[in-house]
Amino acid sequence: MKYLDIAMLDLKKASLQYSIWLHLGLLEVKQRYRRSVLGPWWISISMLIFIVAMGKIFSQLLNQSLADYIPFFTTGFLLWSFISSSINESTDLFRSNSGYIKQIQLPYSLYVLKFLSRNLIILAHNLIVYCLVMWFFKINPGWNILWVIPGLLLLTINLYWMCLLVALISTRYRDMTQIISSCIQILFFITPITWMPKLLGQDSLIVKFNPFVYFIELIRQPLLGINPAVHVWLINVSIALIGILFSLNLFGRVRSRISFWVD
């Protein structure tokens with residue numbers, strides 16, 4: 001419990017300093033699109049073009065109607081972009097903050113929370129694509145859309161431990177960056193984003209034992225007006241509990257070494 005206590009104390013300190021990591025997260029978004037006319041809206045525009053083009057092609061290849069496929073693809077791709085970019089970019093999380101780490105004594109969890117807040121801001125921008133698609137196809141998700149709020153919170157908790165774990169491993173072993181990037185590319189193709197689970201059947205091992213299926217379905221279902229299945233919630237909560245315990249124990253064990261690893 002010693003290492004877990006160290007990690008929990010670090011997380012508690014970071015949580016109380018929410019004004020810092022929220023401000024830094026917003027500042028990073030502004031700096032990334034500095035001197036850009038449309039700023040982060042460029043991501044939303046390019047995503048909309050990609051969804052329309054690929055949606056048209058894949059709906060024909062998979063013999064699906066546009067009205068069914070485009071909303072499914074849109075919600076899945078929006079969430080996948082959020083998840084994959086968070087995991088991929090977390091490989092450089094501590095190294096990119098080495099200036100802060102060496103000069104200011106801040107809890108390390110603060111950098112993870114800052115990183116996630118930045119990606120959540122970008123996700124919020126991209127939701128305009130979802131709104132346009134739902135308006136075009138005249139889909140009303142109804143009150144079920146309110147499940148998105150607790151679903152997004154649970155997804156963020158899962159992303160917290162995954163990003164922390166990836167950041168720790170990648171900071172210690174620099175060659176892990178390429179390995180993780182390759183794994184994320186493979187996961188994109190075996191996760192039902194461009195294809196529907198019913199094409200493989202509910203008993204498919206790819207669908208059953210892929211945790212990213214449950215991460216996405218937790219929010220995609222209410223976005224499409226479907227009440228999230230109970231087993232989707234249970235699996236997400238179970239993954240969150242196991243992942244938090246494992247990653248925080250590891251974090252508490254190596255916390256004192258991170259400042260040396262970022263050199």
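Colleague: Which residues does R95 touch, not counting residues up to four places away in sequence?
Modeller: This is a predicted model. Contact here means heavy atoms within 4.5 Å. By that cut-off, and leaving out residues up to four places away in sequence, R95 touches S170, T171, R174, T177 and V262.

Colleague: Where does R95 lie?
Modeller: Look at residues 93-96. They form a helix, and R95 is part of it. The element is helix α5.

Colleague: Is R95 buried or exposed?
Modeller: Buried means under 20% relative accessible area. R95 has a relative accessible area of 18%. So R95 counts as buried.

Colleague: What is the relative accessible area of S170?
Modeller: S170 sits in helix α8, residues 148-172. It is buried. Its relative accessible area is 0%.

Colleague: Which backbone oxygen lies 2.8 Å from a polar atom of the side chain of S170?
Modeller: The side chain of S170 supplies one polar atom of this pair. The other atom is a backbone oxygen, 2.8 Å away. It belongs to V166.

Colleague: Which residues does S170 touch, not counting residues up to four places away in sequence?
Modeller: R95 is one of them. With residues up to four places away in sequence left out, the list is T91, R95, M176, T177 and I180.

Colleague: How many helices and strands does the chain have?
Modeller: From the N terminus on, the elements run α-α-α-α-α-α-α-α-α-α-α-α-α. The chain has 13 helices and zero strands.

Colleague: Why is the chain as compact as a globular protein of that length?
Modeller: The globule rule gives 18 Å for 263 residues. The radius of gyration of the chain is close to that, so the chain is as compact as a globular protein of that length. The radius of gyration is 19 Å.

Colleague: What percentage of the residues count as buried?
Modeller: The chain has 263 residues. R95 and S170 are among the buried ones. The buried share of the chain is 48%.

Colleague: How far apart lie the centres of the positive and negative side chains?
Modeller: The chain has 21 positive side chains and 10 negative ones.

Note on methods
Residues numbered from 1 in each chain as written. Predicted model: local features only at pLDDT ≥ 70, side-chain atom pairs only at ≥ 80, totals over all residues. Heavy atoms only, no water. Helix = DSSP H or I, 4+ residues; strand = E, 2+ residues; numbered from the N terminus. Rg over C-alpha atoms; globule rule 2.2 N^0.38 Å. Buried < 20%, exposed > 50% of the residue type's maximum accessible area, 1.4 Å probe, protein only. Lys, Arg positive; Asp, Glu negative; His and termini not counted. Charge placed at Lys NZ, Arg CZ, Asp CG, Glu CD. Polar contact = N/O pair within 3.5 Å; in protein donor to acceptor, adjacent residues only side chain to side chain.
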